[in-house]
Amino acid sequence: MERIAVMERKELIWQLGKHGHSKDSLEAMPLNDLIKLFKKESKQAILNYMQLAKEDKQTENVIEDNEALIEAQLAEIHLAISGEIIDFKGLYGSVEKIFAQYGLHETIELVLTQIRDGRYKQVTRIVELAYRAYQEKLLDTLEKLFEDYPQQERMEQMKFYGSRREDIQFLRETIQVLENQKEKESLSKIAQIKYGIIKDYFPDSLYENYEVYYEDEEEKNKIIERIMKLTNAYKRPDLKKKKRQVLQHIERVLLEDKEREKEEKSLIKKFTKQIGEAIVSEDEYEFSSAVKEALDKLDERDVRRIVLSFDISSNPILIQQFNVLIKESRRSWE
């Protein structure tokens, strides 16, 4: 036991010395303090190294004018959504190129400038889904760049970057650093050294440091069961291959979609009743108020379906009011 303790001290002092700590001060520290200091240093080592790598660059890449690129993509987007049927493949491709320059909200604003037919909610949702897919694409790229790491370290790294999925700029900069072979090798070496020390000298701390790797499969299976009840779009074997964090994201999106669908059905039922009563009583004011409120809360397509489910052909005033309200609603989005 004493011999192991001596090995631990020598290894820890050597490793911490590489982080700028003086050998004399390290030699004077108790073993427990050395362990605490090592854990603190190793936890941030990879991120610190990446930050240092960026700060040490002698030149900065010049950000080229991307106005022409954005205009070209907006033209493609307009083409993709101007037809009666949306060209989803073309829309996704162009939107993803805009994500390389802008965040989600800015991209939505840019895309909505190309819409003229009341598809605002639908296209907004499409852009949001494309953004999530783009985040996953960046995270997949990072995971490939961590391929040389011990599996435990790789999963811990993905846990960290998954928690930063909303910071697209940070993910892109990280990928840029890691794609440099020299930087990648250095970071991989740090990860391997960290894992090796914990495995060899502090095996009792493996779960504490790599909880993602050692987490209970039972909880993951519970999430899969809930997803299977929400949708039949996934096969169980495919879900089992996904990380728990990805499963949680899938479940959250499905629950949000279900809640939105429930809310939309409730609104359609409500406005069908209000508009129907106004048509039957030929109350022009109530009809106008109900249609206007419905256009604020539902897609134009749904409102048209509600109104046209009633026979208003014999009431030209209601027809005229409805057409005017549709035009006003479209202008408000332009």
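## A word to start with

Please keep in mind that the structure you are looking at is a predicted model.

## The chain as a whole

Let us begin with the overall picture. The chain has 334 residues, and 38% of them count as buried. Its secondary structure consists of 18 helices, with zero strands.

Contacts along the chain can be sorted by how far apart the partners are in sequence. Taking contacts between residues at least 6 apart, 61% link residues that are at least 24 apart.

## Helices α16 and α17

Two packed helices are described by the angle between their axes and the distance between the axes. Helix α16 covers residues 284-297 and helix α17 covers residues 300-308; they pack at an angle of about 150 degrees, and their axes are 9 Å apart. Because angles over 145 degrees count as roughly antiparallel, α16 and α17 are roughly antiparallel to each other.

Which residues bring the two helices together? From α16 come F287, V291, A294 and L295, which meet E300, V303 and V307 in α17. Sorted by class, the contact of α16 with α17 has six nonpolar residues, no polar ones and one charged residue.

Most residues other than glycine have a negative phi. E282, by contrast, is a residue other than glycine with a positive phi, near 55 degrees.

Is E282 buried or exposed? Its relative accessibility is 55%, so E282 counts as exposed, the cut-off being over 50%.

## Helices α5 and α6

Helix α5 (residues 88-99) packs with helix α6 (residues 104-112) at an angle of about 135 degrees, and the axes are 10 Å apart. This angle makes α5 and α6 oblique to each other. The crossing of α5 past α6 is right-handed.

On the α5 side, the contact is made by V95, I98 and F99, while α6 contributes L104, T107, L110 and V111. By class, six residues of this contact between α5 and α6 are nonpolar, one is polar and none is charged.

Notes: Residues are numbered from 1 along each chain as its sequence is written. This is a predicted model: local features need pLDDT of at least 70, side-chain atom pairs count only at pLDDT 80 or more; totals for chains, interfaces and linings use all residues. Side-chain values use heavy atoms; hydrogens and water are left out. Axes are lines fitted to C-alpha atoms, for helices over the stretch in contact, and angles run from 0 to 180 degrees between N-to-C directions. Helices (H or I, at least four residues) and strands (E, at least two) are DSSP runs, numbered from the N terminus. Angles under 35 degrees count as roughly parallel, over 145 as roughly antiparallel, 65 to 115 as roughly perpendicular and the rest as oblique. A crossing is left-handed if the near helix is turned anticlockwise from the far one by less than a right angle, and right-handed if clockwise. Contact means heavy atoms within 4.5 Å. Ala, Val, Leu, Ile, Met, Phe, Trp, Tyr, Cys and Pro count as nonpolar, Asp, Glu, Lys and Arg as charged, and the others, Gly among them, as polar. Buried means under 20% relative accessible area, exposed over 50%, partly exposed in between (1.4 Å probe, protein chains only).
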